[in-house]
Every structure is written in structure tokens, then in C-alpha cells.
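Thanks for coming, everyone. Let me put the model on the screen, and we'll walk through it place by place.

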Amino acid sequence: MRADRLVATLLLLQARGRITAADLAAELETSVATARRDLEALSAAGIPVYPQPGRGGGWSLVGGARTDLSGLSAPEAQALFLLVGPAAAVSDDAKTALRKLVQALPRTFRADAEAAAGATMIDSTRWGERDRSRPARVDELQTAIVRRRKVRLVYVNGRRERTERLVDPWGLVDKDDIWYLIAGTANGRRTFRVDRILDAEPIEEPSTRPDDFALAEAWAEVVGEVEERRSRTWATVTIATRFVPILRDHFGRHCHVRSEADDRSTVRVGAPTPLDIARNLAGWGGQVEVLEPEPVRAQLARIGSELAALYRER
């Protein structure tokens, strides 16, 4: 479409300052005549584009002028600002970027875009919890990822084992206010909780990243592996139907309703071990009955016996 070519032509002029019709034709894969007509059309439309004849000449924007060109439709602009707006509430850089984006939009889009930016905020702290702060190391790790620099990590895992290693940082993920670093190591791809990184020292050695690496795809694999480990044990329980939404909230994706009636439902719940399931269900008392497996029933019986013995003594 010609409109696409005109936009591309203007962007090339802004990026390069000056371009010949022949260069433009090669870049956009058109004929030289078509490229020249497009340049003339921009000039006729009032864009300050003019030709400079002679050796070393070409087409230029007058005085290096730039235009308020975003390439966004009104709905696209609103969608963008709905996403960017919440970030601007907590980041000075985001606020500055938002102001610049507003100025880059066509004037007719600005009011709606500004309204969209202020339409949403995100409070990620659950009721009753303290505010969670963004780990200080996130910024330096982001810089290392962008600059493609290796990082020396001092890390403490869940078993409190301390290790030191040199990694290629590939991407950061914020999941439920817990930050994770996905990185390449001598043993392949690994995932590190940022709040367990004791020290992170970017070095000048360039990092490497697979050409086909995509952060979203890598994270989806990590989530799949973690969720599989979190649901190695499954139990079938019955519970009053009105409590099924609460049980689903406790177990999340590891809760599947098998059958549902007006008074009582049969539900499958999963966790890493029988003890994990028993601990989650013990507080329900007699409102939840575990049908199987026997190890979960045994753990519940043990917990019940311990509580009965403890409070009988008192």
C-alpha cells in the first residue's frame, strides 16, 4: 500500500537525514520512479522534504525536521497507554517516557491517551501483607542483559547452600512480585530467584544467548516444570459445594472439580507430597473428607491425633 511506503520513506529520512531515490528504491524494493513519486508526494503534502541536486545530493528534511509520527491508530494508542500508565506511577523513567510518548502522538489522540494512562493502577500487595519492594539487584541485572555482559553471582538456594558462578543473563521475570533471573550457565539454562542473589557483579566479558531464545517461551517451560513438581501427589476429596471456590483459591490450578451437586462436590487436589495436601486440608476439619489416597488420609489422622493429644493435656 502506498500509505505504508510513505510512512517508511519518512522514517528513513528521519533516521538518515538524506537519501537518494535510488537508495530508497533499493530499501523499499520499488522502482526508482516510484520512490521519486513518493518523495514528491510527501513534499506536496506539506512535509518539509526537498531535493538537493548534484553530486552527493538526494532528498532531505528541511533543517533535519522531525514530525509527530507514531504510526498508531487511536485504539492502539489507548491500549499502549493503558499498559504504560500503571508503570509510570512507580517509575520516574516511565513517567518521562510517558510524557515523550504523549508528545509524539498526533494531537487528536493525546486527550484519550492521557486519560487511558491514568485509568488504571496496580496494587500488587495482598490484603494483610506488607508492601513488597522491588529487589535492588533487578536494575543492575537488567543493565547487564541489555548490554550483553556476563555476571558473577553469589547465590543461596532453598537449602541455604551458597554457590558462586559466572552466568549469561538472558531475561528477568516478575511473577507475583517475586523476581526471577533466567540465565545460561555451564550446566545449561537455570532460573535464579533474585532475592536469593547475595551479590551480582557484571563484568566486561560479552555474554552469549541462543539465537532462538524467547523469554516468554523459556518462562512457560519453567512454569510447566515447577507446576509439575508441585502436583506430584493427588487426592480425591468431597466438600460442600458452596466451599469449592475457597478450595480452588487454596490450590489454584491444582484443583479440578470431578462432579458437582447442589449439596456436595467431588474434587481432585494436588501438591508435592501427601503431607502438603494434609496440611492444607487439616484446617477444614470434618468439612472435607479425603477419599483417597491412603497416605494423605494417614497424614491427616496423624495431625489430628497430635492436636487431640496436645490439647487434651491442657
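Start at Arg148. Its relative accessible area is 38%, so Arg148 counts as partly exposed. The cut-offs: buried is under 20% relative accessible area, exposed is over 50%, and partly exposed lies in between, with a 1.4 Å probe and protein chains only.

Before going on, the ground rules. This is a predicted model, where local features need pLDDT of at least 70, side-chain atom pairs count only at pLDDT 80 or more, and totals for chains, interfaces and linings use all residues. Residues are numbered from 1 along each chain as its sequence is written, and side-chain values use heavy atoms, with hydrogens and water left out.

Back to Arg148. It sits in the loop between α7 and β4 (149–156). Helices here are DSSP runs of H or I with at least four residues, strands are runs of E with at least two, and numbering goes from the N terminus. The phi of Arg148 is near 55 degrees, positive in a residue other than glycine. Arg160 also has a positive phi, about 65 degrees, and is not a glycine. Arg160 belongs to the loop between β4 and β5. With a relative accessible area of 65%, Arg160 is exposed.

One more backbone point. The peptide bond from Glu292 to Pro293 is cis, with omega near 10 degrees. Pro293 is in the loop between β12 and α11. Why flag these? Most residues other than glycine have a negative phi, and most peptide bonds are trans.

Now helix α7, residues 137–147, which holds Ala144. Ala144 is buried, at 3% relative accessible area. Which residues does Ala144 touch, not counting those up to four places away in sequence? Arg149, Val151, Pro169 and Pro202. Contact means heavy atoms within 4.5 Å.

Next, the cores. A nonpolar core is a set of buried Ala, Val, Leu, Ile, Met, Phe, Trp, Tyr and Cys residues joined through side-chain atoms within 4.5 Å. The largest has 18 residues, and Val237, Ile239, Leu247, Val267, Val269 and Leu281 have the most contacts inside it. Two or more residues each come from β9 (233–240), α9 (244–251), β11 (264–271), α10 (274–282) and β12 (288–292). β9 gives the most, with four. Take Val269. Beyond its neighbours within four places in sequence, Val269 contacts residues including Trp234, Val237, Leu247, Phe251 and Ile277. A second, separate core has 16 residues, among them Val138, Val151, Trp179 and Leu181.

On to the rings. There are four aromatic pairs. Rings of Phe, Tyr and Trp (its six-membered ring) pair if their centres lie within 6.5 Å; planes under 30 degrees apart are stacked, over 60 edge-to-face, the rest tilted. Trp170 and Phe213 have ring centres 5.2 Å apart and planes at 55 degrees, so that pair is tilted. Trp170 is in strand β5 (residues 162–175), and Phe213 is in the loop between β8 (197–206) and α8 (215–229), 43 residues apart. Both are buried: Trp170 at 12%, Phe213 at 18%.

Phe243 and Trp284 are edge-to-face, at 5.8 Å centre to centre and 65 degrees between the planes. Phe243 lies in the loop between β9 and α9, and Trp284 in the loop between α10 and β12, so this pair ties together parts 41 residues apart in sequence.

That's the tour. Over to you.
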